[in-house]
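Here's a quick briefing to read alongside the model. Take a look at the structure first.

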Amino acid sequence: MMSYADLLHFTLPEIVVAVAGLLALTLDITVLRKSPLSNRLRSAVIVALIGCVLAIHFLTRAPHSYGLPDGMFVMTPLTHIVQIALLVLAIFTALLARSTTFTGHIGEYIALILFATVAMMFLVATQNLLLIFVALEFLSLSLYILTGFDKQSRQSAEAALKYFLFGGMSAGFLLFGISLLYGLSGSIELTKIAAALSGPTLDPLLLVAIVMVTIGFGFKVAAAPFHLWAPDAYQGAPTVSAGFIASSSKVASFFVFAQVATIALAGATGGGAFHGYSPGWVPVLAIVAALSMILGNLAAIAQTSLRRLLAYSAIGHAGYMLLGLIAHTQQSLSALVYYVITYALASLGAFGVLGALESEGIDRIADLRGLSRRAPGLSFCLLVFLLSLAGIPPLAGFFGKFYIFSAALSAEPHLGLLWLVLLAVAMSAVSLYYYLRVLKQAYVAESPVREPALRIALLTRLTLWTLAALVVLLGCFPGVLLGWIGLG
Amino acid sequence: MLAWTIYLSFAGALAARLAPSKQAARIVALLTALAGLALSLIALAHWHAGDFITVTRVAWIPQLGIEYHLAADGISLTLLLLTGIAATAGILFSWNIEHRTQEFFAFYLVLIGGVYGVFLSFDLFLLFAFYEIAIIPKYFLIAIWGSVPRDASPENRGALREYAAMKLALYSFAGSALVLAGMVAAWSFSHTLSLEALAAYPFPAHFQMWAFPLVFVGFAVLAGMWPFHTWAPTGHAAAPTAASMLLAGVVMKLGAYGCLRVAMMLFPRGLDPWGFHVLGLGSWREVFALLALIGIVYGASVALVQRDFKFVIGYSSVSHMGFVLLGLMTLTQIGLDGAVFQMFSHGIIAGLLFAVVGRMVYDRTHTRDLNELGPMRLAHVIPFAAVTFILAGMASIGLPGFSGFIAEFQVLLGTWRAFPWMVFVAGIGILVGIAFTWRALIKAFFGERESGAAGHHESCPPISLPEKCGAVLLLATTLAAGLFPQVLTNLILPALNSPLFRGLQTGAWR
């Protein structure tokens, strides 16, 4: 039996973050109403930091595995790690938000980041379709607002509208898929669905459900062909929001996608091997992954805007990450978690650099010209983040790629997924070209006139350096993070 | 102790970047390179034939069976020595760099560190990591400090440099993507990446049959194998002097070393006959031997008709690296010995040639056009450069007494045993090699005097001390290796006969 005391006890980390969000909101509209912007921003960020750090503290103290009935709330060591990663990303996001100037509604902005984090924490910790949907909508709603938060910017509004329309549509698909799953199995708990669906033959309706669920989650993780919102949202949203969408929400969405696919649909995997095709969700995802890798990486080559380039590269990366899900072994899933966490760090870092440059009006790749002279530290951070995304050792992205590719290859007998891995390797070779194009502007090209050195807030610089150090350290010592993930 | 070659290079890169003045950066870089050379020499002094030194071996990523395993056998040590010498000489020849000096030496030393790392790694994952670390600095060295023909317009210059740099980076990265695919596939069989374990691992023959060409081609791209060589002349020509010295001298050897150490050592059955013939070719071994042969003749022939002095040397590198690959494909003890010897020898000689062309000639005359250089009669203006080029050319065409002779002679002996008819074609390649070296020498240094060209003479600054030191170092090395080849063969042969290369020691091996 579940008691309310248990409920409060189990969800303490989430409660702490939610309270911190409410506190930031109320403080901002009551006590600090008349204070200067900088003070309000500082106190909101401090409240957010305290909340996140406390939540991490509770998570590290939490018992090993526990849960509530009906799969409402299932905590394992793996979900602990993912939740901690989400909280760390939220901390970095809040720190980067410290130097934003585009809005006066500080409390709301920080609170929304925290609410989105709470939603993601629930998303990670539940194995119940109903709760998954509710948490996903909670998350999406927060993200729509964060995207459109810059009220002065038409682009921001356009991005939010696009994101919202596509998001609403895909939520409909997801809900339809969920209802089909429920209709077929009579349950909304992932493990029970799996038990009810484990038959020798595949129900055609189940295939429809699989496609619907793939559309719904494919939108969240920005996989082709459901990616259309991403370039516009990344470009139009305030930089910090874009970084948050690119990092945190990616981690949570991939995790929940993996849970639904591997737990609930365990009986309908099918085969994606070149000679061993059989219907199920694996071949569906294999097509989505192949499309994402090809489209994301090739379209990124043609971009002139940095944010759009990052968006298309994110689509390509979603393709690599789906590879880990397609293989669905213990190893490939831990590779997926490693990949998505390190990807989130590098991606947030890249957006952080962009945010720091925003006040200079730098958005196009060509605007970066001569950056290494004007801001050597910042361009070095950019170098680390982009090369990690390109997969150059000793940075984290390299090991992520290696691990996910090798786990995928050893998943099926006779190297069944070789075709997909070869495609991924080839596309990651393509990706170096466009990352180098950006770095070329920063390091090689020199600006015709001598421009003064950039002044960047100390806190932003420290945050970016920490992120860069994390990317380097996780790349040099991947065993540490793998050890934590491996507990699950 | 050898591991410090890597750590010192990376530390030196950081120190050079943070150096307060340009001169300090130069000195830091020189000291770092000298320290690396000294460490390799000390290791050589303590070396006993057949040694296999484990430098460091600790678990690195235990979940995947990946180790941080640095070790050296005779082949590694030969190439470490080459790296130490080429790096030192390269720094001496880039003493005059004034543009963003600190960054130049930082990128340069990162490249060196990566190269040392590749030669010392005995875990495939580690080797690959170092191999890729070396790609990025190459790009920046060429894109920022590269040299382009004088007749290029100002906005064109940047584009030309970036074109060459991007071409080089993409070729390298595409090659390493092939290697990555092979490595990932190998891991999914063995679940370890230790080179020793992999060399003993019985991979299925059909797997080796496709993994071998994949990995071999991946590395051979960087070794300049025809038809994947096109990055080399462009890259060499556009690079700053020190970078072309390193590219031709050391980086191409990374590729050849990978071919031997990874492709051939791990997948020896991939060299076996297919059992059928396509266009008269019956195995990957014959395919790659033929490509190497084409590279030898093609590189030399193209070098014969170049107007740009640097392109002459660039194509000659393609030709000489063909000997390395041909030697590897002979699968005879003497042919492989010759191949490794040629890696060392060509590394030194190509460095010397690029130093003459890029630093001594181009930085003074600001032209690389052989037709423009002729009237300047450089032999009278900078006789030191002329003498150096004559000696380097003699070494390059393989005159006895220089290292090139020992190397190419051994390769040809091995080829005679494996593919007798190829010796004649390779011989034609050598003859053409003599021709283009002679042509370049005459055109660049001993041209006809023209009435209007006298003004150039006074504007040439004399050869500086660092240049002389570098040239003497490289010349002494090629002479020493040519006169006392047993120093190197005593390193290489026992390593080739070690159990690591067991899979290759069949049939024609003697």
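Predicted model: local features only at pLDDT ≥ 70, side-chain atom pairs only at ≥ 80, totals over all residues.

Residues are numbered from 1 along each chain as its sequence is written, with chains lettered from A and ligands numbered from 1 in the order in which they are written.

**Chain A overall**
- Chain A has 20 helices and four strands (DSSP runs, H or I of at least four residues for helices and E of at least two for strands, numbered from the N terminus).
- Its C-alpha trace spans about 70 × 50 × 40 Å along the principal axes.
- Of the 488 residues of chain A, 62% are buried (20 or more other C-beta atoms within 10 Å of a residue's own; 12 or fewer is exposed, in between is partly exposed, and C-beta atoms are placed from the backbone).

**Where the chains meet**
- Chain A puts 28 residues into the contact and chain B 26 (C-beta atoms, placed from the backbone, within 7 Å).
- On the chain B side, α7(B) gives the largest share, 13 residues.

- Ala224(A) to Pro225(A) is a cis peptide bond, and Pro225(A) sits in the loop between α9 and α10 of chain A.
- His328(A), not a glycine, has a positive phi of about 35 degrees; it counts as buried, with 20 C-beta neighbours inside 10 Å.
- Leu279(B), also not a glycine, has a positive phi of about 55 degrees, but counts as exposed, with 8 C-beta neighbours inside 10 Å.

Terms used:
Contact = placed C-beta atoms within 7 Å.
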